[in-house]
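Here is my note on this model, for a colleague who has not seen it before. Please read the points with the structure open.

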Amino acid sequence: MASSKPKLHGRAFYESLGSPKQIVAPMVDQSEFAWRLLTRSFLPPDLRRSILCYSPMLHAKLFADAPKYRASHFQPLKDDDSPHLDGNPKIDRPLFVQFCANDPEVLLEAARHVQDHCDAVDLNLGCPQGIAKRGHYGAFLQEDWGTIHKLIRTLHEGLDIPVTAKMRILETKERTLEYAKMILDAGASVITVHGRRREQKGHNTGLADWSVLRYLRQSLPKDTVIFANGNILQREDVAACLEQTQADGVMSAEGNLYDPSIFADPPAPGEEGREYWRGRDGKGGYRADAVLRRYLDIVHEHVLGERLPERAPLFLPSDLYASVRDVAAPSRPPTDAAGPEADEQPPAKRMQAHCFHLLRPLVAVHHDVRDALARCRAGDIGAFENVLTLTEEAVKVGLLAYERNPTEFEEVEPDGGKEGKDVKVAGVDVERSDAAVRRCKRPYWICQPYVRPLPAEALEKGSMQLSKKERRKLEEKAARDAELVKAGRDEQVVQAEKDAEVPREGMVCG
């Protein structure tokens, strides 16, 4: 079905979406409909369209060839062809659908299946995983510019909606600029730039380089639309990234997974309600039980088409001093959403992964919650409800413990302020993540970002090993640095000796 709207491109297209500055990243099996709806739910209804969301990465060939794969990964319509989940105009826009591919015609065929249910189709040029290397897609296309150009050009010419691309930086900023120019020349309306190189993954993730993104902003035409990706742990990082990179929007992946409220303003002091907690030090965040409850409610209502379970209000310590009748029950509007058939249950692995992200600090303390979550199986929504019940009890335990002794949960500055460059690997000074951990740390019952150890810290702890080649490079660099320092000192000594030999005015040399 051809679109009746004119096809926009570049900044005109971006502005037609409302120029969103907050973006949920495409994440394999993790940025699905329910999660997108959860992330948007923390904003007032009239602001939810200000968040642009990407679908999970979809495999173009499977999507084009396998109806079962399509049906399980993208559900835009009910049996009567009315809007359902993915791309629903009322609750799931704006939406970009991302594919990985290396065959232009296959990609176009896959994209045509979704073009009536999204705002743009995105090409994944950033996946660094081994499966992408074996399949020759994602970041492993970045040496094959001819194929990339043809993939994007084919979509640009063959779709009724725009095409965008998500890339990683290359070995130099100049090479990255040429790469970005090629992608834009092929027809991309928006480029998302992940400020890490292909090899930066797992324990070697390290920090994204925002300076390269700023260089692209300064070097590309002013009307180029650029989204920045990398280093977004908390809401405050969004503004910092916009300022430092001058990008049009900021994308969050892991930060969003661990705290889906990352794009929302916190409630004002005194207006926290039962979902948001704020400590006496002013630090706060959404409670894990509140966020998990929201997520399961979305699954019940929208995915399964069920009425919401009856739930007691979330616990507050003040409830101990109030009559049960004084605690208002939550208001729940009736739902008439029609979900899938009974045997089309939400994938347990996806739900399980989301729960482990949300509850990461909590399950480290309450192992019963961890064990119950590990036992959850496909289609057993009751098992996830049990996890919620255990989570609510764990949060109650934490809140009461805080009431008794707040200092037990407050961060204390380490003696000597140990942070910065105080780790050495192969003789090279490297930075620590201590400051970021202290900035982000909250009590275990609060959703909070996971701060990955920097590569040098992973090496120090033994969770990552350098290859002989990498260690030799580090040692050679350390040797060169030592020689430069020594040469600089020798030069200072020689200069001092020369200065001592120069006669001063008014003095007689003997």
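1. Start with β6 and its neighbour β7 (residues 190-194). The two strands pair in the parallel sense over four bridges. Strands count as paired if DSSP finds at least two bridges between them. Helices (H or I, at least four residues) and strands (E, at least two) are DSSP runs, numbered from the N terminus.

2. A word on the basis. This is a predicted model: local features need pLDDT of at least 70, side-chain atom pairs count only at pLDDT 80 or more, and totals for chains, interfaces and linings use all residues. Residues are numbered from 1 along each chain as its sequence is written, and side-chain values use heavy atoms, with hydrogens and water left out.

3. β6 has another partner. Strand β5 (residues 120-125) pairs with β6 in the parallel sense, over five bridges. Here asparagine 124 has lysine 166 as its bridge partner in β6.

4. How many residues of strand β6 (residues 163-168) are buried? Six of the six are, so the strand is largely enclosed by the rest of the structure. Buried means under 20% relative accessible area, exposed over 50%, and partly exposed in between (1.4 Å probe, protein chains only). In a regular strand, side chains alternate between the two faces of the sheet. Both faces of β6 are covered. Val163, Ala165 and Met167 are buried on one side, and Thr164, Lys166 and Arg168 on the other.

5. Next, the aromatic rings. The structure holds 17 aromatic pairs. Rings of Phe, Tyr and Trp (its six-membered ring) pair if their centres lie within 6.5 Å; planes under 30 degrees apart count as stacked, over 60 as edge-to-face and the rest as tilted. Take tyrosine 54 and phenylalanine 96: their ring centres are 5.1 Å apart and their planes are at 65°, so the pair is edge-to-face. Tyrosine 54 lies in strand β2 (residues 51-54) and phenylalanine 96 in strand β4 (residues 95-100), so the pair ties together parts that are 42 residues apart in sequence. Tyrosine 54 is buried at 0% relative accessibility. Phenylalanine 96 is buried at 1%. Elsewhere, one aromatic cluster is formed by Trp277, Tyr402, Phe409, Tyr444 and Trp445.

6. Charges also sit over rings. The cut-off is NZ of Lys or CZ of Arg within 6 Å of the ring centre and within 35 degrees of the ring normal. Arginine 294 has its charged end over the ring of phenylalanine 42, 4.2 Å from the centre. Lysine 396 does this over phenylalanine 315, at 5.0 Å.

7. Now the salt bridges. A search of the whole structure finds 24. Each is a side-chain nitrogen of Lys or Arg within 4 Å of a carboxyl oxygen of Asp or Glu. Arginine 439 bridges to aspartate 237, with the closest N and O atoms 3.2 Å apart. Arginine 439 is in helix α17 (residues 434-440) and aspartate 237 in helix α10 (residues 235-245), so the pair ties together parts 202 residues apart in sequence. Arginine 439 is partly exposed at 35% relative accessibility, whereas aspartate 237 is buried at 8%.

8. Helix α16 (residues 381-404) carries glutamate 392, and helix α12 (residues 288-303) carries arginine 293. These two form a salt bridge with closest N and O atoms 2.7 Å apart. Glutamate 392 is partly exposed at 22%; arginine 293 is buried at 9%. Arginine 311 and glutamate 385 also meet in a salt bridge (2.7 Å, N to O), and both are buried. Arg36, Arg40, Asp86 and Asp92 are linked in a network of salt bridges.

9. Last, the cysteines. The structure holds zero disulfides, a disulfide being a pair of cysteine sulfur atoms within 2.5 Å. Cysteine 376 is buried at 2% relative accessibility.
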